[in-house]
Amino acid sequence: MVVLRSVMYVPGNNMRMIEKAPTLPADVIVLDLEDSVPPAEKETARFMVKDSVKKAGEGGADVYCRINGWVTGLTDEDLNAVVQPGLNGIVLPKTEGREEVLKLEKRLEELEKERGLKPGSIAVQLLIETARGVVLAYEAATASKRVNSLVFGAVDYTRDMRVELTKEATETFHARAQVALVARAAGAIAIDNPYTAYADVEGYTKDTKFGRQLGYEGRMLIHPTQIEPSHQIYTPSKEAVDY
């Protein structure tokens, strides 16, 4: 059973945070090569992540890597570096349809074969963070059996929509609900957008419970203090399990 209550992001260019990753009690550690890494540091981050995949999972978490999307021209280099024993999944950012997923599936098949990995062993998590991505989310989610989860990315979504991301988040409600609905329809897990005001514990708890009611079963995290509240909110009660 896949458990994705807490999906903790770690910048791929920050060795101090990478070394701390095995001590974090998150369900998933995501070594990030995309938004948290400036263009000038992409190559350095790639080498750092390549050498850290196994170590990041020593605390028991699954290890995923967020690569740069196909449009950047960096995707193949990222995959060549990170696909290895110990990698459990790839996060595909700004997913906008079926073809991008099929292209990733094909490349993963090739690399698994080349490197003696079990075929199909590396899962795919889709980041849905544009208007086009939301509209085409179901066809992307059902394009490959590797897809196990969809993440709603509110920050880039609001940029794409040319609106401001507010604390009330009324501007993201439709897309946020839609991604959860699509994930359920596709048999995948819905992962909620990050709550950037990590010091606001009350706000985080309230917003996460609201997302849980929309159908989300985990959350993309940017700070370790968000891990435990996520586990409390997303772990089903004994009564629910018995039912």
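Let me begin with a definition: an axis here is a line fitted to C-alpha atoms, for helices over the stretch in contact, and an angle runs from 0 to 180 degrees between N-to-C directions. What you have above is a predicted model, in which local features need pLDDT of at least 70 and side-chain atom pairs count only at pLDDT 80 or more, while totals for chains, interfaces and linings use all residues. Residues are numbered from 1 along each chain as its sequence is written, and side-chain values use heavy atoms, with hydrogens and water left out.

I will start with a pair of helices, where helices (H or I, at least four residues) and strands (E, at least two) are DSSP runs numbered from the N terminus. The axes of helix H4, residues 75-82, and helix H5, residues 98-114, come within 11 Å and cross at roughly 35 degrees. In terms of contact, meaning heavy atoms within 4.5 Å, Asp76, Leu79 and Asn80 of H4 meet Leu104, Arg107, Leu108 and Leu111 of H5. By class, that contact has 4 nonpolar, 1 polar and 2 charged residues, where Ala, Val, Leu, Ile, Met, Phe, Trp, Tyr, Cys and Pro count as nonpolar, Asp, Glu, Lys and Arg as charged, and the others, Gly among them, as polar.

Staying with H4, is threonine 75 buried or exposed? Threonine 75, which lies in helix H4, counts as buried because its relative accessibility is 1%, and buried means under 20% relative accessible area with a 1.4 Å probe and protein chains only. Leaving aside residues up to four places away in sequence, threonine 75 touches Ile67, Asn68, Gly69 and Trp70.

Now to the pockets. On a 1 Å grid over the protein atoms alone, with a 1.4 Å probe, a pocket is an open set of points with protein on both sides within 12 Å along at least five of seven lines, and lining residues have an atom within 4 Å of a point. The largest pocket is lined by 18 residues, and Asp35, Arg66, Pro194, Met220 and Ile222 lie nearest its centre. Helix H8 gives the most to that lining, with 4 residues, and by class the lining of the largest pocket has 10 nonpolar, 2 polar and 6 charged residues.

The second largest pocket is lined by 13 residues, of which Lys167, Glu168, Ala169, Lys206 and Asp207 are the closest to its centre. Here helix H10 gives the most, with 4 residues, and the lining of the second largest pocket divides into 4 nonpolar, 3 polar and 6 charged residues.

Technical notes
Buried means under 20% relative accessible area, exposed over 50%, partly exposed in between (1.4 Å probe, protein chains only).
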